[in-house]
Structure formats: C-alpha cells, structure tokens
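Here is a friendly walk through some local features of one protein model. Please keep the sequence and the 3D view open as you read.

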Amino acid sequence: MKNYAIVCDTSVSLTPEQAAAMNVTITPLTLIHNNKEYLDQVEMGYDAVNDLLRNKEHLQTSQPNLGLLITTFETLKAQNYDHIFVLALTSSLSGTYNSMNQAIQEVGLDNVSLVDTRSLAGAVQHLVRFVNEQAAVNSSVEAILSGIDAMIPKITSFVYPQTLDQLKISGRISKSAATLASLLKVKPILYLKSDLDTIEKFGTARTETKVFDIIIKAMRDDNVTPETHVIYYLDNEGEEIVERANTAITEALGTFETHASKLPAVVAAHAGLGTIAIQWAPKF
C-alpha cells in the first residue's frame, strides 16, 4: 500500500475520529467574531457557532492561519510520505487554496499535489475516500489525480436555508431582497457546481415539498441513480429536514448510499440555523 498523506481544511466536516480513521490531517479555517479570530473547531466549535447564529450575530470566515499551515506541512515533510494530497476548499468561496499553496512553497515540499476541489464538505469527503481506496491498491499519483479531475465536474451541491436572515446579516443579499422573500414566504434553493464562481441561487419555492421536488428533478436531469451515485447530507440543526429530504428522494429515485455530517461553519455562518445541504457524487 502506498504511503500517502491527505490534508484538508475544516470545511471537510469530518469528526476527529473520522479524520484519524481516514488518514486525514485537518487544518482549521478561521472564524471571526467582533474582530477576534478563532480556529474553527479548535477554539470555536459547532455549538458556539450556533449560539452566535441564534443571537443573529455577524460571523465571518477566513482561510487557515498561514503559520499553522507551514507547521503542518513541515511536520508532514519530516514523515517522508510517498506523496501528499492536499484537498482544498473551493477557491470560489475562500482564499484557502492560495494560503495552502503559499505554505507549500515556504516549506519547500515537492512530493505534493494541491487540488482545488471546487466544492466542500461531503464532496471533499468523497475525494478523500477515493484517494484512500486508490492508495490501498497502489495506484500512482498520476492515476489518482486523473480520477479526481474526472470526478470534480460531476459533483453537485444544493443548499437549502430556512430563511434569508443570516444571508442578510452577512451581507450576502440585500435587506430589501430578504424582507421581500420573507413577506412572500419564499424558500430559497442555492446551488454550487465546479464551473461556478460562487454559490448561486437555483430557484425558489413556497413549500418544503416543492423544494425537494426541484432538487429531485435536478437529480433526474443529472442521471443520478442509486447504482451510480452517493448522496451526502449536511445540516446545521436540521436533522429532521434531512430525514424528510431523504424520504422524498428515496420514494422518487430509490435507496442510495448516504453519508451525514455537520454543515461546515463556512456555510452555516452565512446560511444560518436549520440549513441543510444535499450533495451527490459519482461512485468509483
């Protein structure tokens, strides 16, 4: 088996136990509240983030601390891995990719591949599983990178926030747009794909059932089936909504292999409490 290392940031949404089992080194993103910086999931965990969101506080997110990244890569360099795969949060949402690249250059690593995953969370977990599976059969670095490059454009993410309140607080939408949506009782559906520069609005619906119908139609259009794809669910205090979404998808399309995780702070800080995400990726 190849001795490969994998590095991700906290937007991968793995627990410490999962990260250890999957051979992943986690570098924390930065959370900013009242002009003070906190290390994501180290100095500020999910509960603390949600308490701030409950109080409608403005919480910002930023890339990992450069000094911590340099220390991480120096440690990995000393361990003489065959190769290091660095799977970064999409560059469309964060400067993490650039910070990781700067740290790699500072340390002088040459046995490393830095990948802009063009996604986050479950999608990156999927790439981690792919690297580990390929390492187990002694696949080459080139074969793994080729597989990752082929997979990234086929990964799709939908985000379903319960309200636009936190998006308004974070400045992602105007106050007038959020107020109008609230008055009309419109539920937004957001969308992230590898060819997009940001999370886009995919559509709106008046009911949760209609939201699920829209997402299911997108899955059908994408030829998503239980035989060909895996689904990743993420939530921020939205477990019951995930259950209803999974029931609707199962009834419409069949029973999928699924994985569930917490919604990363980089999304929750802007989308708010009760938000869920549904991601699908091709099986390998």
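Predicted model: local features only at pLDDT ≥ 70, side-chain atom pairs only at ≥ 80, totals over all residues.

Asn138 has its place in the loop between α5 and α6 (141-151). Phi of Asn138 is positive, about 60 degrees, although the residue is not a glycine. That is worth a second look, since most residues other than glycine have a negative phi. With a relative accessibility of 43%, Asn138 counts as partly exposed.

Gln41 counts as partly exposed because its relative accessibility is 31%, which falls between the 20% and 50% cut-offs.

### A buried arginine

Let us turn to Arg118, in the loop between β7 (112-116) and α5 (122-136). Is Arg118 buried or exposed? Its relative accessibility is 19%, so Arg118 counts as buried; the cut-off for that class is under 20%.

### Two helix pairs

Two packed helices are described by the angle between their axes and the distance between the axes. The table gives these values for two pairs in this model.

| Helix pair | Crossing angle | Axis distance |
|---|---|---|
| α3 (residues 66-78) and α4 (residues 96-107) | roughly 50 degrees | within 9 Å |
| α9 (residues 208-221) and α10 (residues 239-253) | about 50 degrees | 10 Å |

Start with α3 and α4. Their axes cross at roughly 50 degrees, and the two helices are therefore oblique to each other. The crossing of α3 and α4 is right-handed. On the α3 side, the contact is made by Leu66, Leu69, Ile70, Phe73, Glu74 and Lys77; these meet Ser99, Met100, Gln102, Ala103, Ile104, Glu106 and Val107 in α4. By class, the contact of α3 with α4 has eight nonpolar, two polar and three charged residues.

Thr71 also belongs to helix α3. At 43% relative accessibility, Thr71 counts as partly exposed.

Now for α9 and α10. These helices pack at an angle of about 50 degrees, so they too are oblique to each other. Which hand does the crossing of α9 and α10 have? The α9 and α10 crossing is right-handed. Glu208, Phe212, Ile216, Met219 and Arg220 come from α9, and they meet Ile241, Arg244, Ala245, Ala248, Ile249, Ala252 and Leu253 of α10. The residues of this contact divide into nine nonpolar, no polar and three charged.

Technical notes
Residues numbered from 1 in each chain as written. Heavy atoms only, no water. Helix = DSSP H or I, 4+ residues; strand = E, 2+ residues; numbered from the N terminus. Buried < 20%, exposed > 50% of the residue type's maximum accessible area, 1.4 Å probe, protein only. Axes fitted to C-alpha atoms, helices over the stretch in contact; angles between N-to-C directions. Parallel < 35°, antiparallel > 145°, perpendicular 65-115°, else oblique. Left-handed = near helix turned anticlockwise from the far one by under 90°. Contact = heavy atoms within 4.5 Å. Nonpolar A, V, L, I, M, F, W, Y, C, P; charged D, E, K, R; others polar.
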